[in-house]
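Take a short walk through this protein model. Begin with one side chain, then step back to the whole chain, then return to the details.

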Amino acid sequence: METAGTLTRADLAEALHHQVGLSRADSSSLVEQILSHMCGALAKGENVKISGFGTFVLRDKGERVGRNPKTGVEVPIAPRRVLTFRASQMMRDRIVEAD
């Protein structure tokens, strides 16, 4: 399997510029607004679902005991909130087809 590069905000803005015809500044602004809106929703505790792409879900994890693999010393791991992503079935199918 070939190693792929990283898709950046600039790449998304450039794609908008070429495919939709927005100016580079407007494209960049639109990408920033979308990402800001998603971050704001997640910060408020809301899940973000993008149809045909996937769902960003917040999960609360309880306190647990962890172990330092080097020394074996047990350490409590504090409860925390984590962000998970679950790809939609359509996205999974597209990824499998790309192989």
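**A guided tour of the chain**

Arg-67 counts as exposed, because its relative accessibility is 57%. Here, exposed means over 50% relative accessible area, buried means under 20%, and partly exposed lies in between (1.4 Å probe, protein chains only). The areas come from the Shrake-Rupley method with a 1.4 Å probe; for residues, only the protein chains shown count as cover. Arg-67 also has a partner. It forms a salt bridge with Glu-74, with the closest N and O atoms 2.6 Å apart. A salt bridge is a side-chain nitrogen of Lys or Arg within 4 Å of a carboxyl oxygen of Asp or Glu.

A word on the ground rules. This is a predicted model, where local features need pLDDT of at least 70 and side-chain atom pairs count only at pLDDT 80 or more, while totals for chains, interfaces and linings use all residues. Residues are numbered from 1 along each chain as its sequence is written, and side-chain values use heavy atoms, with hydrogens and water left out.

Now step back. The protein chain has 3 helices and 5 strands. Along the sequence they follow the pattern α-α-β-β-β-β-β-α. The radius of gyration is 19 Å, well over the 13 Å that the globule rule gives for 99 residues, so the chain is more spread out than a compact globule. That radius is taken over C-alpha atoms, and the rule is 2.2 Å times the number of residues to the power 0.38. The C-alpha trace spans about 55 × 35 × 25 Å along its principal axes. Of the 99 residues, 13% count as buried. The chain exposes about 8100 Å², and carbon and sulfur atoms supply 56% of that area. Helices (H or I, at least four residues) and strands (E, at least two) are DSSP runs, numbered from the N terminus.

Start with helix α1, residues 9–20. Its 12 residues should span 16 Å at 1.5 Å a residue, and its end C-alpha atoms are 16 Å apart, which agrees. The expected span is 1.5 Å times one less than the number of residues. Just after α1, Gly-21 takes a positive phi of about 95 degrees.

Helix α2 covers residues 24–43 and holds Ser-27. Is Ser-27 buried or exposed? Ser-27 is buried, because its relative accessible area is 0%. Which residues does Ser-27 contact, leaving aside neighbours within four places in sequence? They are Ala-13, Leu-16, His-17 and Leu-22. Contact means heavy atoms within 4.5 Å. Ser-27 and Ala-15 are 12 residues apart in sequence and 8.4 Å apart in space, C-alpha to C-alpha.

Charge pairs come next. Side chains of opposite charge can pair when their charged atoms come close. The count comes to 4 salt bridges. One of them joins Glu-14 and Arg-24 (2.9 Å, N to O). Glu-14 lies in α1 and Arg-24 in α2, so the pair ties together parts that are 10 residues apart in sequence. Glu-14 is partly exposed, at 27% relative accessible area.

Asp-60 forms a salt bridge with Arg-81, their closest N and O atoms being 3.0 Å apart. This pair links distant parts of the chain: Asp-60 sits in strand β2 (residues 54–61) and Arg-81 in strand β5, 21 residues apart. Asp-60 is exposed, at 58%.

Strand β5 (residues 80–87) also holds Phe-85. Phe-85 counts as partly exposed, because its relative accessibility is 39%. Ile-50, Phe-53 and Phe-85 make a nonpolar surface patch of about 240 Å². Patches are made of residues with over 30% relative accessible area and no salt bridge; like charges are joined within 9 Å, and nonpolar side chains (Val, Leu, Ile, Met, Phe, Trp, Tyr) within 5 Å.
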